[in-house]
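Me: I would like to learn how the local features of a protein model are read. Please take me through them one at a time.

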Amino acid sequence: MSTSTETRVVVIGNGMVGYKFCEKLIAKEKKHFRLTVFGEESQVAYDRVHLSEYFAGKSADDLLMAPRDWYSENGIELYTGDPVVDIDRERKQVRSHHGLVVGYDYLILATGSGAFVPPVDGVEKDGVFVYRTLEDLDLIQSYARKARKGAVIGGGLLGLEAAKALLDLGLEEAHVVEFASRLMPRQIDEAGSGILQRQLEALGLQIHLNKSTQLIQGTDHIEGLQFADGTELPVDMLIISAGIRPRDELAKIAGLETHPRGGILVNDQLQTSDPSIFAIGECALVHQMIYGLVAPGYEMAEVVASQLIGNSKSFKPFDMSTKLKLIGVDVASFGNPFAQEPDCRTITYENKAKGIYKRINVSSDGKTLLGGILVGDAEQYNMLLQTCKNLTILPPNPEDLILGSRGGEEAGAGVMGLPDEALICSCEALTKGQLCHEISENGQTTVEALKKSTKACTGCGGCTPLVKDLIQGVMKQQGLYVRNTICEHFDYTRQEILDLIKINQLTTYNEVLNHLGKGDGCEICKPLVGSVLASLWNENILQKDRAVIQDSNDRYLANIQKGGTYSVVPRIPGGEITPDKLIAIGQVAKRYGLYTKITGGQRIDMFGAHVGDLPRIWEELIEAGFESGHAYGKALRTVKSCVGSTWCRFGVQDSVSFAIELEERYKGIRAPHKFKSGVSGCIRECAEAQSKDFGVIATEKGWNLYVGGNGGSKPQHAQLLAADVDKETCTRLIDRFLMFYIKTADPLTRTATWLNKLEGGMSYLKAVVVDDVLGIVADLEKEMQLLVDTYHCEWKEVVENPELRKRFSHFVNVPEQKDPTVQFDSMRNQTKARDWKTIN
């Protein structure tokens with residue numbers, strides 16, 4: 001029973017926003033409120049943002065916002081599986097489906113939204129689903145066991161999440177059907193959508209744009225889709241994810257004001273037409289808008305909780321910037337992504353080969369950032385968003401924001417340069433100043449600690465990189481040591497995890513996770529641990545549990561290309577090749593219809609291979625004396641060479657022989673990133689050795705060794721490590737340099753960046769690997785020799801292992817059948833994969 005001092009609050013809806021309201025209210029003032037919550041689903045509130053992870057192995061309990069006990073521990077009466085069906089506004093009472101009547105002083109409508117189902121004939125057939133609740137997911141998972149071809153209607157955020165579910169469920173074909181002319185039309189522009197489409201198609205999705213579904217074919221169960229243009233698509237399973245519709249039916253019954261197109265009308269304080277009733281989340285229409293993201297829903301919960309304890313607060317128009325990872329592809333938009341000239345100046349960067357598109361819209365005077373779009377690489381999203389929100393004055397060359405500075409200085413001052421009022425965590429409305437206070441004054445110096453004390457990073461998770469940077473920045477200001485931990489599953493740096501794996505003799509990912517980590521792992525730590533295991537033990541990356549933690553290229557020992565085909569690059573040490581081997585490559589390329597090109601690293605690349613043909617191609621190449629060129633791995637790519645003293649009249653040393661020796665020595669060695677080398681026979685530098693991770697240039701007295709160079713988007717010359725050394729000494733120094741890099745570099749860091757960040761720089765590196773000030777060079781040489789002695793050709797092991805060969809088939813049940821969607825065009829007497837945009 002309530003007392004005279006208690007305020008009775010009833011919450012209708014136990015979704016993410018309803019739960020967040022309860023959490024915020026009891027945190028502000030627990031003892032004066034009596035909270036009752038009604039939920040339609042039998043489950044307590046769970047995380048809908050990460051719903052697709054249910055198909056990737058997460059359980060329903062993993063997704064809970066809080067366990068059921070949390071409600072009772074905080075004095076909250078919770079009724080699940082019992083939706084409210086009537087509101088008596090005069091008596092201030094609600095009645096549930098099971099007949100429970102509860103009075104209220106304040107009523108909070110957090111009824112959320114339901115899936116919008118377009119009026120298509122046949123939606124009632126078996127095999128047609130919506131994608132909204134855990135119960136929906138259970139039904140989808142059960143039906144998928146007997147389905148082969150699935151489709152999703154809707155190419156927006158929800159639709160692509162549903163498409164990921166089809167891929168996770170292992171269907172042979174997964175299709176996305178979108179009415180508009182591009183994917184994600186509300187978030188990204190035509191060019192960005194084109195890049196996204198190509199990326200998704202490479203991962204196995206088939207995209208159908210400008211398609212209006214008129215009929216779901218079949219008798220009792222779905223057999224296909226019929227479109228308005230007369231075309232058809234045979235499928236035996238369909239998920240409709242074409243948008244959301246506010247759940248306002250209860251409000252209408254109660255006589256509250258609603259919008260004709262849906263949504264409960266509320267004012268800036270989130271009050272409905274009845275001052276005692278508030279609406280929050282996706283059911284509320286505020287500022288003429290339905291907010292479909294979690295962050296504004298959480299802010300609405302904060303506003304109403306503040307109102308109830310007597311603090312005046314209003315809900316202001318909310319920034320709808322967002323960053324997501326759709327089936328492994330980064331997609332982000334912020335500010336005004338669609339601003340057009342002449343109202344702004346637009347700067348775009350597009351790299352179709354790597355699947356990257358970046359666009360920023362700059363004010364006409366060039367001083368502020370108005371908005372932008374990122375596809376394929378959203379690493380800069382958080383700082384771009386903050387730059388946009390805080391009207392930060394841009395650098396003289398605004399393109400540096402997306403391209404990086406070409407002059408050595410990074411664009412902008414980073415997160416520590418933001419004002420204290422800058423909003424870092426939108427979901428929990430946490431500013432830079434609040435987080436810095438927690439870090440510096442309350443000692444919350446890890447992401448996990450900040451999660452517990454402030455709830456930062458617990459919503460969408462998009463703020464996590466900025467929060468990490470803040471922790472490091474504050475700790476550095478205080479003169480404290482900063483540990484750059486891997487991710488939330490491993491509280492170690494890459495260097496620490498390498499040492500711990502070695503000490504504990506761990507050889508599989510599950511062993512590492514069980515001994516050193518927590519949770520199920522993620523896309524950050526899995527390939528990182530896989531790389532460390534390969535760097536330490538040099539065992540086959542596809543055996544034990546190591547295949548599933550590799551990047552896609554490593555998983556298939558080949559680089560995925562357009563249209564889902566692969567390229568094959570056999571090793572050609574030093575670029576030296578016999579006529580017989582040249583003939584063998586030509587025969588293989590002709591037999592399998594491959595496009596051939598000589599690479600910049602003096603090898604021959606063969607493009608257009610079907611995944612099922614890879615083992616057969618490798619088998620023929622191995623028989624001709626070739627082996628894997630590791631073009632797909634974070635490993636040695638090539639050791640480029642000129643002809644040196646063998647043929648050139650200027651050559652002073654045999655550069656070809658030394659290049660071959662070095663490539664044979666370091667082939668297959670896994671590292672934090674790829675690395676390249678070159679050997680030039682004289683100072684004329686035809687092999688471009690000074691643009692390599694390690695390069696050797698011949699002198700009259702021996703060899704000069706340079707390290708830490710690279711080409712790419714930020715070219716950097718290598719620096720001299722040793723001069724006029726003999727071949728044996730040069731090799732030992734390279735051993736030490738590479739192993740020191742492997743043991744100490746951060747993940748996905750090239751040697752140039754590693755050397756730039758190395759405290760003490762080149763002077764320190766020389767002291768370690770040349771002068772042996774740490775006394776570790778003997779160990780470095782020994783560890784390198786172990787990797788050299790345990791080399792194995794991964795292609796050969798697949799060819800000779802029937803179990804491994806099974807992995808290389810497009811259709812598991814029909815291994816000989818090739819992907820029928822792969823199409824080719826002729827180009828200069830060769831075949832090339834057809835551009836996606838030209839495939840119907």
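Reply: L205 is buried, at a relative accessible area of 2%; buried means under 20% relative accessible area, exposed over 50%, and partly exposed in between, with a 1.4 Å probe and protein chains only. This is a predicted model, in which local features need pLDDT of at least 70 and side-chain atom pairs count only at pLDDT 80 or more, while totals for chains, interfaces and linings use all residues. Residues are numbered from 1 along each chain as its sequence is written, and side-chain values use heavy atoms, with hydrogens and water left out.

Me: Where is the place of L205, and which residues does L205 touch?

Reply: L205 belongs to strand β12 (residues 205-208). Helices (H or I, at least four residues) and strands (E, at least two) are DSSP runs, numbered from the N terminus. Leaving aside residues up to four places away in sequence, L205 touches A163, L167, A174, V176, L200 and I327, where contact means heavy atoms within 4.5 Å. I327 is 122 residues from L205 along the chain, yet their C-alpha atoms are separated by 9.9 Å.

Me: Is V177 buried or exposed, and which residues does V177 touch?

Reply: V177 counts as buried at 2% relative accessibility, and its place is in strand β11 (residues 173-177). Not counting residues up to four places away in sequence, V177 touches V152, I153, G154, G155, H208, K211, T213, L225, F227 and L233. For K211, 34 residues apart from V177 along the chain, the C-alpha separation is 6.4 Å.

Me: How does one read the faces of a helix, and which residues of α24 are buried?

Reply: An α-helix has 3.6 residues a turn, so residues three or four places apart point the same way. Helix α24 (residues 777-789) has 13 residues and spans 18 Å from its first C-alpha to its last, close to the 18 Å expected at 1.5 Å a residue; the expected span is 1.5 Å times one less than the number of residues. Its buried residues are V777, L780, E783, M784, L787 and V788. They cover an arc of only 145 degrees around the axis, which puts them on the same side of α24; the arc is that of the directions from the helix axis to the C-beta atoms. A778, K782 and D789 are exposed on the other side of α24. The buried residues of α24 pack against α13, α15 (525-537), α20 (655-666), α21 and α23 (761-769).

Me: How many residues of α20 are buried, and how many of α7?

Reply: In α20, nine of the twelve residues are buried, so this helix is largely enclosed by the rest of the structure. The buried residues are S655, V656, F658, A659, I660, L662, E663, R665 and Y666. In α7, 14 of the 15 residues are buried, so α7 too is largely enclosed by the rest of the structure. Helix α7 (residues 294-308) reaches 21 Å from its first C-alpha to its last, close to the 21 Å expected at 1.5 Å a residue.

Me: How is the packing of two helices described, and at what angle do α13 and α21 cross?

Reply: Two packed helices are described by the angle between their axes and the distance between the axes. The axes of α13 (residues 494-504) and α21 (residues 727-744) come within 7 Å and cross at roughly 100 degrees. That makes α13 roughly perpendicular to α21. Axes are lines fitted to C-alpha atoms, for helices over the stretch in contact, and angles run from 0 to 180 degrees between N-to-C directions; under 35 degrees counts as roughly parallel, over 145 as roughly antiparallel, 65 to 115 as roughly perpendicular and the rest as oblique. R494, Q495, L498, D499 and K502 of α13 make the contact with I742, K743 and T744 of α21.
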